[in-house]
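I opened this model to look up its fold, its sheet and its core. My notes follow in the order I took them.

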Amino acid sequence: MAALSHKHDVFQAIADPTRRKLLRLLADKEMPVTAISGHFPISRTAVSKHLRILADAGLVKERKVGRETRYRLEPTPLLELKEWLSFYERFWDNKMAMLKHYVENGEGHIVDADGEDQ
């Protein structure tokens with residue numbers, strides 16, 4: 001599957017907490033920029049700039065309805081992020097297994113998945 005060419009990649013786009021909040025806000029419904037702006041302590045122009053970065057990364061889609069532009073989440077590009085994070089889940093899973101072993105055995109030391117003391 002060929003990757004789409006975007007001005008911003010998904011990782012750059014979600015690096016900003018405001019843009020992450022925008023994605024969460026748009027996950028449930030399509031919204032115009034005027035409604036979106038009401039959820040942020042920044043100007044409508046600043047919100048529009050964040051939306052443009054998300055659109056450039058393919059994370060939001062725009063649709064003209066009369067004179068207003070409505071935005072909605074486009075989750076497909078997030079698969080790249082999910083795939084990247086899934087590699088690191090094994091490290092989290094290992095730590096959880098070690099904690100489970102510690103809690104269940106009540107020992108003063110933690111043993112990792114290879115049976116070695118930590």
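How many bridges join β2 to β3? I find six, and the two strands run antiparallel. Strands here are DSSP runs of E with at least two residues, helices are runs of H or I with at least four residues, and both are numbered from the N terminus. Strands pair if DSSP finds at least two bridges between them.

**Ground rules.** I am reading a predicted model, in which local features need pLDDT of at least 70, side-chain atom pairs count only at pLDDT 80 or more, and totals for chains, interfaces and linings use all residues. Residues are numbered from 1 along each chain as its sequence is written, and side-chain values use heavy atoms, with hydrogens and water left out.

**Fold.** I count five helices and three strands. Along the sequence they follow α-α-β-α-α-β-β-α.

**Sheet.** The three strands form an open sheet in the order β1-β3-β2, with antiparallel pairing. β1 and β2 stand at the edges with a single partner strand each, so one side of each has no neighbour in the sheet. I also looked up Glu62: it stands opposite Tyr71 in β3.

**Helix α2.** I went through residues 17-26 next. Arg19, Leu22, Leu23, Leu25 and Leu26 are buried (under 20% relative accessible area, with exposed over 50% and partly exposed in between; 1.4 Å probe, protein chains only). Viewed down the axis of α2, these residues fall within an arc of 160 degrees, so they line one face of the helix. The arc is taken from the directions from the helix axis to the C-beta atoms. Pro17 and Arg24 are exposed on the face turned away from the buried side.

What does the buried side of α2 pack against? I list α1 (10-14), β1 (31-32), α3 (33-37), α4 (44-56), β2 (60-65) and β3 (68-73). At the N-terminal end, Asp16 caps α2, with a side-chain oxygen 2.7 Å from the backbone nitrogen of Thr18.

**Core.** The largest nonpolar core has 21 residues. By nonpolar core I mean buried Ala, Val, Leu, Ile, Met, Phe, Trp, Tyr and Cys residues joined through side-chain atoms within 4.5 Å. Leu26, Ile36, Leu51 and Leu59 touch the most other members. α1, α2, α3, α4 and β3 each give two or more residues to this core.

I then checked the contacts of Leu59 (heavy atoms within 4.5 Å). Beyond neighbours within four places in sequence, its partners include Val10, Ile14, Leu23, Leu54 and Leu73.

Technical notes:
Polar contact = N/O pair within 3.5 Å; in protein donor to acceptor, adjacent residues only side chain to side chain.
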